[in-house]
Amino acid sequence: MNLLVDIGNTRVKWGLARDGVLADTGAIWREGSPDWTSALPQADIRAIYVATVAHDSALEALTGFARRSGLALHRVTSQARSGDLVNGYAEPERLGVDRWMACIAAQARGQGTVLVADVGTALTLDWVDADGAHGGGLIAPGVNSMRVALRRATQLRPTHTPDEHAWLARDTDSAIAAGTLRCAIALLDAAAAELLPERLLLTGGEATLVAPRLARPWQVAPHLVLEGLAVHAERASRAGHVVAERSE
């Protein structure tokens, strides 16, 4: 069984996969938890595959965990191609590895054009056409990142975040909450309306916040990056080697 680790900016998601299929998942908050690797599963692990967009210190912690456990650690990077999926970046390695893993999973899930949105610290969009060509994407701040940026750039200091997000708020806290959320919703709705994909996939820590308010139904896939890691690890295993990855 492979241990899959998706190290994000604030959280670590892990998954156990056999034959390219996720069997179990979990999440760990890294902030304030220097020994976060102690919460990772250790039994019956064959190898570790990690995709990280975080500071190198997080990878160093995982490297130490792998060394103590006697496990091979494979750091996954974005490649020019994975199966029928072709990376659209002129420099494929510069596409965020979390976005690349999400595209691998999106293509493996079904046929037809697909728009993949990851809404977390950053809000990213990626397009994959029916033939597996990655058509590029965009990056914007996530909802909470917009709120943090607003606090830093102004004297606005909201004391709470309302649960309801009306269009026309009658207090400053509600106005900030509504405005930042509506920005994310407007971006996703516009992309879906103008690009007209056959499938819409939504993942990330803020997916459940925006999903109920979107004009078109998006399929929420909370473990999309881990799913991509599982597919990638299985392909590497079948190939008998790990292509262009760095073993720590």
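Analyst: A residue counts as buried under 20% relative accessible area, as exposed over 50%, and as partly exposed in between. The model is a predicted one. Start with E91. Its relative accessible area is 42%, so E91 is partly exposed. E91 sits in the loop that runs between β7 (85–86) and α2 (97–109). Q79 is 12 residues away from E91 in sequence, and their C-alpha atoms are 9.1 Å apart in space.

First, its length. α2 has 13 residues, and at 1.5 Å a residue they should span 18 Å. The C-alpha atoms at its ends are 18 Å apart, so expectation and model agree.

Next, its surroundings. Of the 13 residues of α2, 11 are buried, so the rest of the structure largely encloses this helix. The buried residues form a run: V97, D98, R99, W100, M101, A102, C103, I104, A105, A106 and Q107.

Setting aside neighbours within four places in sequence, M101 contacts A51, V76, L224, V225, G228, L229 and H232. The largest nonpolar core has 29 residues, and M101 is among the five that touch the most other members, along with L4, Y49, L224 and L229. Two or more residues of this core come from each of β4 (47–52), α2, β8 (114–119) and α6 (224–239). Another core, of 21 residues, lies apart from it; V5, I7, I45 and L71 are among its members.

Now the helix pair. The axes of α2 and α6 come within 7 Å of each other and cross at roughly 80°. Angles of 65 to 115 degrees count as roughly perpendicular, and α2 and α6 therefore belong to that class. On the α2 side, the residues that meet α6 are D98, M101, A102, I104, A105, A106, A108 and R109. Facing them in α6 are L224, V225, E227, G228, L229, V231, H232 and R235.

Take the parallel pairs. β8 and β11 (residues 199–203) run parallel and are joined by 5 bridges. V116 has L201 in β11 as its bridge partner. β11 also pairs with β12, again in the parallel sense, over 2 bridges. There, L201 stands opposite Q219 of β12.

How covered is β11? Mostly: 5 of its 5 residues are buried. The cover holds on both faces, with R199, L201 and T203 buried on one side and L200 and L202 on the other.

Strand β9 (residues 122–128) runs antiparallel to β10, and 7 bridges join them.

Helix α4 (residues 172–195) has 24 residues, which at 1.5 Å a residue should span 34 Å; its end C-alpha atoms are 34 Å apart, so the two agree. Buried in α4 are D173, S174, I176, A177, A178, T180, L181, A184, I185, L188, A191 and A192. These buried residues pack against β8, β9 and β11, as well as α3 (143–153) and α5 (207–210).

G70 lies between α1 (56–69) and β5 (72–75). Its relative accessible area is 68%, so G70 is exposed. G70 and R46 are 24 residues apart in sequence, with 9.6 Å between their C-alpha atoms.

Back to α2, then. This helix is largely enclosed, with 11 of 13 residues buried.

Methods. Residues numbered from 1 in each chain as written. Predicted model: local features only at pLDDT ≥ 70, side-chain atom pairs only at ≥ 80, totals over all residues. Heavy atoms only, no water. Helix = DSSP H or I, 4+ residues; strand = E, 2+ residues; numbered from the N terminus. Buried < 20%, exposed > 50% of the residue type's maximum accessible area, 1.4 Å probe, protein only. Expected span 1.5 Å × (residues − 1). Core = buried A, V, L, I, M, F, W, Y, C linked by side-chain atoms within 4.5 Å. Contact = heavy atoms within 4.5 Å. Pairing = 2+ DSSP bridges. Axes fitted to C-alpha atoms, helices over the stretch in contact; angles between N-to-C directions. Parallel < 35°, antiparallel > 145°, perpendicular 65-115°, else oblique.
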